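Here are a few notes to read alongside the structure. They start where the two chains meet and then move on to some local details.

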Amino acid sequence: MAIIKTEAVVLKGWKLGETSKILLLYTKDHGRVKAVAKGARNPKSQFKGCLEPLSRIAVIYYDKPARDLQLLTKADLVTPHYHIIGDIAKTALGLATLELLNKAVAGEEPFPQVYDLLCSTLERLDRSEKFSEGIFWYFQNHFIELLGYRPNWSACLKCGASLRDSGGMFHPSRGGLVCGQCAGGAGGAVISGEALEILFWMQTCSISEACSIEPDPVQTAEIRRAFDLYFKTHLDYLRPLNSLKVFYEHERSKTARE
Amino acid sequence: MDYSSKSLEDLVIAFSKLPGIGLKSAQRMALHLLEAGKEESEHLAQTILALKENVRACTICFNLTEEEVCSICRSARRDKQIICVVEEPKDLMAIEKTGGFTGLYHVLGGTISPLDGVEAADLTCRQLLDRLDGTVREVIIATNPTVEGEMTAAHLHDLMLGKVDRITRIARGIPFGGALEFNDMVTVVKALEGRSDYS
């Protein structure tokens with residue numbers, strides 16, 4: 001049995017018995033780890049409020065390779081996300097980030113770049129005051145790239161013609177975008193040049209810039225659809241995301257109220 | 001499992017499915033019933049059956065009751081101008097035990113939990129809105145201070161805005177008998193944000 005000291009983000013938690021909790025952690029050095037935090041729901045527990053989903057924590061746990069469930073002995077908050085908690089849009093986007101990551105990564109294989117991307121996404125989401133969804137788009141763009149499926153948002157996959165002015169059509173069988181000519185009337189989802197410009201820019205911009213964009217509702221719908229189609233085409237099992245459904249529903253009712 | 005009796009094994013398995021009961025405790029309970037008189041087992045069986053047959057949700061607040069409307073909703077002594085919204089009946093029981101609240105309740109039946117696929121439509125939010133007919137002056141949102149609980153509270157706040165005079169949230173912060181230095185950062189910050197006038 002080894003004592004592991006690392007950092008982690010809480011992906012999910014389940015109640016166990018009267019006061020304990022089972023946690024799904026995404027650790028920096030050991031990938032996804034399931035652990036039990038005994039007495040975590042007891043008001044006098046040393047774990048207090050740091051084992052909620054989205055929390056970035058420093059943990060110590062006993063690791064027994066033959067065991068599915070490790071024993072968490074210590075956890076301390078590294079970065080609290082004060083502004084995500086209580087904000088429906090930010091919470092839903094944060095949870096969508098966790099949901100996507102949880103579905104995509106498997107087992108205890110460390111992926112430090114993904115861990116860093118996750119932490120910076122949550123941190124930026126906590127601080128964002130403008131267009132929070134931009135941060136989730138940034139995460140999706142870079143996450144799928146880290147998984148080895150870098151999207152080409154700028155050129156036709158068949159003839160290489162630039163799509164950034166004319167826009168393109170999503171072609172699931174080709175795994176991406178093609179120009180109107182190459183689509184050959186085969187149909188598919190149309191994505192405008194303006195939406196592609198944003199997607200392309202997001203591959204190179206910094207995460208702090210990602211929430212500074214101001215897409216109109218049409219571009220927003222196109223970008224959402226572009227990600228959805230791209231993920232569905234390459235990693236079918238990752239979609240749909242329940243948290244995104246909650247986010248879209250919240251956005252709809254917010255617009256209706258306004 | 002290695003039991004010489006199939007009936008004993010079945011009972012141990014049945015007990016072990018209850019929350020917080022492991023195989024050892026289940027075995028102890030089953031052996032206790034075996035040793036006890038027949039009346040005790042019959043009483044237990046009948047009590048469980050009666051629970052399943054008689055207990056249902058109050059048609060107004062969704063608290064557990066044996067009538068169509070629970071005793072709290074029927075009571076003339078309760079303040080009908082205040083509704084306290086809780087996640088589960090057990091939360092209602094916890095508040096009732098204190099004797100410090102005299103208003104009515106509304107049980108949501110859970111929280112919005114996207115990771116578990118629970119949406120607002122799966123809760124009793126609509127029924128809560130239907131109760132805001134002008135007589136209710138204040139709604140206290142008493143969901144748990146968890147990510148899902150806070151998300152649900154924010155959703156309820158948005159839903160009820162303009163439909164009731166006052167929407168309040170139960171206080172979060174340092175527990176009575178606790179110490180500042182042993183609390184996590186979120187709790188301390190929420191306690192500072194939720195500070196109130198000293199009176």
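1. Where the chains meet, 26 residues of chain A are in contact with 23 residues of chain B, contact meaning heavy atoms within 4.5 Å. Please keep in mind that this is a predicted model, where local features need pLDDT of at least 70, side-chain atom pairs count only at pLDDT 80 or more, and totals for chains, interfaces and linings use all residues. Residues are numbered from 1 along each chain as its sequence is written, chains are lettered from A in the order in which they are written, and side-chain values use heavy atoms, with hydrogens and water left out.

2. Together, chain A and chain B bury about 2,300 Å², 69% of it on carbon and sulfur atoms. Buried area here is the accessible area (1.4 Å probe) that two parts lose on being put together, summed over both. On the chain A side, A:Y82, A:I85 and A:I88 supply 24% of the area buried against chain B, more than any other three residues.

3. Between the two chains the count is two salt bridges, each a side-chain nitrogen of Lys or Arg within 4 Å of a carboxyl oxygen of Asp or Glu. A:K12 forms a salt bridge with B:D116, with the closest N and O atoms 3.1 Å apart.

4. Which parts of chain A each supply at least two residues of the side that touches chain B? They are β1 (2–16), β5 (70–79), α1 (88–104) and α8 (242–257); helices (H or I, at least four residues) and strands (E, at least two) are DSSP runs, numbered from the N terminus. The largest share, six residues, comes from α8(A).

5. Now for two backbone details. Most residues other than glycine have a negative phi. A:L54, however, has a positive phi near 85 degrees; A:L54 lies in the loop between β3 (31–37) and β4 (56–63) of chain A and is buried, at 4% relative accessible area. Buried means under 20% relative accessible area, exposed over 50%, and partly exposed in between (1.4 Å probe, protein chains only). In chain B, B:F62 has a positive phi of about 70 degrees. B:F62 sits in the loop between β1 (56–57) and β2 (64–65) of chain B and counts as partly exposed at 23%.

6. Finally, look at helix α5 (residues 193–202) of chain A, where the buried residues are A:G193, A:A195, A:L196, A:I198, A:L199 and A:M202. Among the elements covering them are α3 (133–146), β6 (168–171) and α7 (217–234) of chain A.
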